[in-house]
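Welcome, and please load the model in your viewer. We will go from one selection to the next and see what is there.

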Amino acid sequence: MAARNKGSLSQQVAKQLLSDFQEGVRYRPGDKLPNENDLAGEYGVSRGTLREAIRILSSHGVLVVRRGMGTFVAEQLPEKADFGLMELLTQKTVLKELFELRLMVEPRCVALACRRATSEELRNILRLGEAFEKTVLERGDSIAADQAFHSGIVQAMHNDFMAQFIPGIQRSISQSAALQDGVNWFSGETVEDHRLILSFLRIRDQEGAEAAMRLHLVHIINRLNLPDDGEPVL
């Protein structure tokens with residue numbers, strides 16, 4: 001199925017289904033839908049994506065699920081619905097604020113890590129940086145690998161409060177990231193940013209590491225195309 005609108009894949013499928021219902025392309029108001037396997041095949045998506053699209057449509061009154069009977073197109077269809085796009089924009093605002101918070105905190109964290117990290121902690125950060133780069137190149141769970149890298153830096157600054165604070169931010173980012181389908185979180189630029197941070201960590205250059213971390217976070221904010229309130233991030 002060709003995606004025609006912004007939003008998650010399930011939101012795009014929901015919009016396409018509604019359009020098809022309204023135009024009578026496949027099913028009309030009152031019609032019973034086929035089973036998940038068949039319908040997912042018709043739209044070229046996974047069962048999980050289709051199931052979420054059906055949930056969205058049901059919550060907007062477009063579909064009616066009748067226990068023991070199946071799923072039916074509602075008799076009266078709404079002319080239009082945003083299907084969670086406002087929620088998507090809200091999540092982007094949340095991400096923007098979370099990354100702004102990181103921008104205020106993490107550059108100083110890496111500077112302190114340069115000064116306070118033990119030799120073993122420094123080696124661990126370098127290993128985590130290499131693991132992140134490998135994960136990005138292999139298209140693995142780069143968000144988890146990135147968070148492990150940043151957590152290693154926070155642990156090395158030896159501040160118990162910050163060691164509890166940063167994971168909370170990371171969990172919130174992971175939850176928001178789950179709603180940002182198709183977003184290119186990391187790229188070759190991110191790998192280069194990490195290499196720059198690591199190069200300053202190796203020689204315990206506090207000012208260099210702090211500047212490199214700030215640049216890294218600004219790059220992510222710009223790449224995610226987060227809402228702009230008219231103020232520069234730097």
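Start with F161, which is exposed at a relative accessible area of 60%; exposed means over 50%, buried under 20% and partly exposed in between, with a 1.4 Å probe and protein chains only. Before going on, note that this is a predicted model, where local features need pLDDT of at least 70, side-chain atom pairs count only at pLDDT 80 or more, and totals for chains, interfaces and linings use all residues. Residues are numbered from 1 along each chain as its sequence is written, and side-chain values use heavy atoms, with hydrogens and water left out.

F161 and F165 sit four residues apart, about one turn, in helix 7 (residues 160-177); helices are DSSP runs of H or I with at least four residues, numbered from the N terminus.

Next, show the rings of Phe, Tyr and Trp (its six-membered ring), which pair if their centres lie within 6.5 Å; planes under 30 degrees apart count as stacked, over 60 as edge-to-face and the rest as tilted. The count is one aromatic pair. The ring centres of F161 and F165 are 6.0 Å apart and the planes are at 10 degrees, so this pair is stacked.

Now select R26 and Y43: R26 lies over the face of Y43, 4.4 Å from the ring centre. For a charge over a ring, NZ of Lys or CZ of Arg is within 6 Å of the ring centre and within 35 degrees of the ring normal. Finish with R66, which lies over the face of F72 at 4.3 Å from the ring centre.

Technical notes. Helices (H or I, at least four residues) and strands (E, at least two) are DSSP runs, numbered from the N terminus.
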